[in-house]
Amino acid sequence: MLVAMVLPVAARAADPEREAIDQLNQTRHARGLAALHRSSSLSRSAKRYASRMLRRHYFGHLAHIQVANGFGHAAETIAMHPGWSAAPLGTVRQWMASPHHRELLLSARFHWVGMGLARGRMGSRAVTTWVAHLGTP
């Protein structure tokens with residue numbers, strides 16, 4: 001019985017992207033909004049972009065969000081914090097504290113979400129970058 005209670009927490013800790021999506025959907029639910037559906041393709045594009053920023057040593061948005069063709073509209077939020085800790089709850093809270101990010105993440109326009117994170121170095125600092133891609137067909 002004890003093992004069954006420990007495993008879900010361990011599984012959640014092993015998937016910070018899913019934990020961030022769960023936290024985002026709890027925030028949406030508290031405001032009477034529908035949950036976003038997890039998209040594998042948006043998660044892949046978010047992960048690729050989070051890694052790309054680290055490889056190229058920059059933090060910012062590109063002019064075009066590269067997501068799967070099935071999404072007619074897309075949006076993106078990004079975050080970066082020092083260290084290797086994923087901090088999914090802190091990342092979602094950081095986005096909710098920003099009016100522009102909050103507006104996107106709580107928009108009823110989007111129905112799908114993908115989260116990606118990457119850990120690496122930005123200059124001499126160890127950092128974790130997060131990307132959330134939102135989409136609607």
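Tyr 58 counts as partly exposed because its relative accessibility is 23%, where buried means under 20% relative accessible area, exposed over 50% and partly exposed in between (1.4 Å probe, protein chains only). This is a predicted model, in which local features need pLDDT of at least 70 and side-chain atom pairs count only at pLDDT 80 or more, while totals for chains, interfaces and linings use all residues. Residues are numbered from 1 along each chain as its sequence is written, and side-chain values use heavy atoms, with hydrogens and water left out.

The structure holds 1 aromatic pair. Tyr 49 and Tyr 58 form an edge-to-face pair, because their ring centres are 6.5 Å apart and their planes stand at 70°; rings of Phe, Tyr and Trp (its six-membered ring) pair if their centres lie within 6.5 Å, with planes under 30 degrees apart counted as stacked, over 60 as edge-to-face and the rest as tilted. Tyr 49, at 7% relative accessibility, counts as buried.

The strands come next. Helices (H or I, at least four residues) and strands (E, at least two) are DSSP runs, numbered from the N terminus, and two strands pair if DSSP finds at least two bridges between them. Strand S3 (residues 112–122) is mostly covered, with 8 of its 11 residues buried. S3 runs parallel to strand S1 (residues 37–38), to which 2 bridges join it; Arg 38 has Val 113 in S3 as its bridge partner. With strand S4 (residues 125–136), S3 pairs in the antiparallel sense over 11 bridges, and Ala 118 stands opposite Thr 129 in S4. The hairpin of S3 and S4 has 2 residues between the strands, and Gly 123 takes a positive phi near 70° there.

Ser 39 lies in the loop between S1 and helix H3 (40–55). Ser 39 counts as buried because its relative accessibility is 6%. Leaving aside neighbours within four places in sequence, Ser 39 is in contact (heavy atoms within 4.5 Å) with Phe 71, Trp 112, Val 113 and Gly 114. The side chain of Ser 39 also reaches the backbone nitrogen of Leu 42 at 3.0 Å.

Side chains of opposite charge can pair when their charged atoms come close. The count here is 1 salt bridge, defined as a side-chain nitrogen of Lys or Arg within 4 Å of a carboxyl oxygen of Asp or Glu. Asp 15 and Arg 18 form the bridge, at 3.4 Å from N to O. Asp 15 counts as partly exposed at 22% relative accessibility, and Arg 18 counts as partly exposed at 40%.

Terms used
A polar contact is a pair of N or O atoms within 3.5 Å; within protein, one must be able to donate a hydrogen and the other to accept it, and residues adjacent in sequence count only if both atoms are side-chain atoms.
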